[in-house]
Amino acid sequence: MISDCVVLVEPRHIIATVNTYVKMLGTKPEVVGERYTQSGIFSVSEVTALIGFSGEAVGAMIISLSEEVSLKTISKFLYFEQTEINNEVLDGIEEIVNIVSGEAAARFSYQTGLGLPTIMLGEKQRLHGNEEHPWQFIKMKTDELGEFIIGATLKEA
Amino acid sequence: MRVLLIDDSSTMRKIQRRSLSALGIEDIDEACNGKEGFEKLQAEKYAYDLVMLDMNMPEMSGLETLTAVRADPNSNKIPIVMCTSVADKSQVMEAIKAGASNYVVKPFTPDDLQKKVQKYMK
């Protein structure tokens with residue numbers, strides 16, 4: 001059980017992310033570099049979608065993208081070019097984190113439920129991670145859409 | 001064929017609409033939560049051939065909406081396809097017991113969705 005809390009973003013979040021991008025965006029993201037851990041205060045990108053886990057394990061997951069990558073991603077998702085960050089784009093990013101976290105949660109050995117996704121928007125966004133339950137991140141990219149980061153923190157309830 | 005899409009995500013409604021349009025289905029109404037969807041069903045005198053119903057919604061969940069639709073004798077025969085995330089597995093079983101006709105799991109491809117819908121095309 002503890003391994004679920006230690007090893008968060010690999011492989012279940014990665015598999016969930018790849019499945020979502022392949023099936024719903026028609027493009028396959030690949031991992032860039034190594035998984036890394038962060039606690040304390042740290043920066044995230046301009047568009048960050050966060051969703052909470054509840055149940056036998058509690059925590060949260062994020063997908064964090066630049067505005068440019070967000071626009072490209074939702075243009076691809078909706079087959080309609082997006083030129084500015086608006087409700088349509090943010091709803092799309094929320095839906096992506098909702099689907100990815102739903103599939104990731106199903107791969108936990110814990111019974112977990114999902115909250116409603118929330119978007120943090122703007123430059124200089126920062127998160128805080130407890131040292132006992134730090135965030136773990138991994139960078140992913142597709143040639144077509146660019147780079148983004150997925151991250152998660154989880155502990156037994 | 002007339003379809004009612006009930007989903008709180010405008011993105012998912014657009015994606016479903018596009019997949020249905022590719023099948024030649026253009027008579028599509030939308031509702032952004034279960035309460036609005038059930039009211040739409042009643043206001044339109046139950047004249048739908050298929051309801052696509054999201055599971056996880058505010059106001060009135062998919063399961064609550066399904067239960068209300070099936071309890072109404074005017075709508076208890078309308079096919080309902082639940083749209084659910086992988087994490088809702090136990091809720092899928094509940095939905096099937098409550099009268100859901102079928103379900104599609106997110107993430108899905110346009111083809112996945114169209115195959116489910118084609119079963120109900122006349």
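**Exercise 1. A lysine in a loop**

Classify A:Lys124 as buried or exposed, and say where A:Lys124 lies.

*Solution.* Step 1: A:Lys124 is exposed, because 7 other C-beta atoms lie within 10 Å. The cut-offs: a residue is buried if 20 or more other C-beta atoms lie within 10 Å of its own, exposed if 12 or fewer, and partly exposed in between, with C-beta atoms placed from the backbone. Step 2: A:Lys124 sits in the loop between strand E6 (118-121) and strand E7 (126-129) of chain A. Helices (H or I, at least four residues) and strands (E, at least two) are DSSP runs, numbered from the N terminus. Step 3: A:Lys124 is not a glycine, yet its phi is positive, about 60°.

A note on the model: it is predicted, so local features need pLDDT of at least 70 and side-chain atom pairs count only at pLDDT 80 or more, while totals for chains, interfaces and linings use all residues. Residues are numbered from 1 along each chain as its sequence is written, with chains lettered from A and ligands numbered from 1 in the order in which they are written.

**Exercise 2. Backbone features in chain B**

Find the phi of B:Tyr46 and of B:Gly24, and the omega of the bond between B:Lys106 and B:Pro107.

*Solution.* Step 1: B:Tyr46 is a residue other than glycine with a positive phi, near 65°. B:Tyr46 lies in the loop between helix H2 (34-43) and E3 of chain B. With 16 other C-beta atoms within 10 Å, B:Tyr46 is partly exposed. Step 3: the peptide bond joining B:Lys106 and B:Pro107 is cis, with omega about 0°. B:Pro107 is in the loop between strand E5 (102-106) and H5 of chain B.

**Exercise 3. A serine and its contacts**

List what A:Ser45 is in contact with, leaving aside neighbours within four places in sequence.

*Solution.* Step 1: locate A:Ser45 in the loop between strand E2 (40-43) and E3 of chain A. Step 2: A:Ser45 counts as partly exposed, because it has 19 C-beta neighbours inside 10 Å. Step 3: its contacts are A:Ser64, A:Leu65, A:Ser66 and A:Ile149. Two residues are in contact if their C-beta atoms, placed from the backbone, lie within 7 Å. Step 4: A:Leu121 is 76 residues from A:Ser45 in sequence, but 8.5 Å away in space, C-alpha to C-alpha.

**Exercise 4. The largest core**

Which residues of the largest nonpolar core touch the most other members?

*Solution.* Step 1: a nonpolar core is a set of buried Ala, Val, Leu, Ile, Met, Phe, Trp, Tyr and Cys residues joined through C-beta atoms within 7 Å. Step 2: the largest one has 35 residues, and A:Ala49, A:Ile63, A:Ile93, A:Val97 and A:Val100 touch the most other members. Step 3: H4(A) gives the largest share, eight residues. Step 4: take A:Val97. Not counting residues up to four places away in sequence, A:Val97 touches A:Ala49, A:Ile51, A:Met61, A:Ile63 and A:Pro117. Step 5: a second, separate core has 29 residues, including B:Ile6 and B:Val51.

**Exercise 5. Two helices in chain A**

Describe how H3(A) and H4(A) cross.

*Solution.* Step 1: their axes come within 9 Å and cross at roughly 80°. Axes are lines fitted to C-alpha atoms, for helices over the stretch in contact, and angles run from 0 to 180 degrees between N-to-C directions. Step 2: H3(A) is therefore roughly perpendicular to H4(A). Angles under 35 degrees count as roughly parallel, over 145 as roughly antiparallel, 65 to 115 as roughly perpendicular and the rest as oblique. Step 3: H3(A) contributes A:Ser70, A:Leu71, A:Ile74, A:Phe77 and A:Leu78, and H4(A) contributes A:Val89, A:Gly92 and A:Ile93.

**Exercise 6. Where the chains meet**

How many residues does each chain give to the contact?

*Solution.* Step 1: chain A gives 18 residues and chain B gives 14 residues. Step 2: on the side of chain A that touches chain B, H4(A) supplies the largest share, ten residues. Step 3: the axes of H4(A) and H1(B) come within 8 Å and cross at roughly 85°. These helices are therefore roughly perpendicular to each other. Step 4: A:Glu88, A:Asp91, A:Gly92 and A:Glu95 of H4(A) meet B:Ser10, B:Thr11 and B:Met12 of H1(B).
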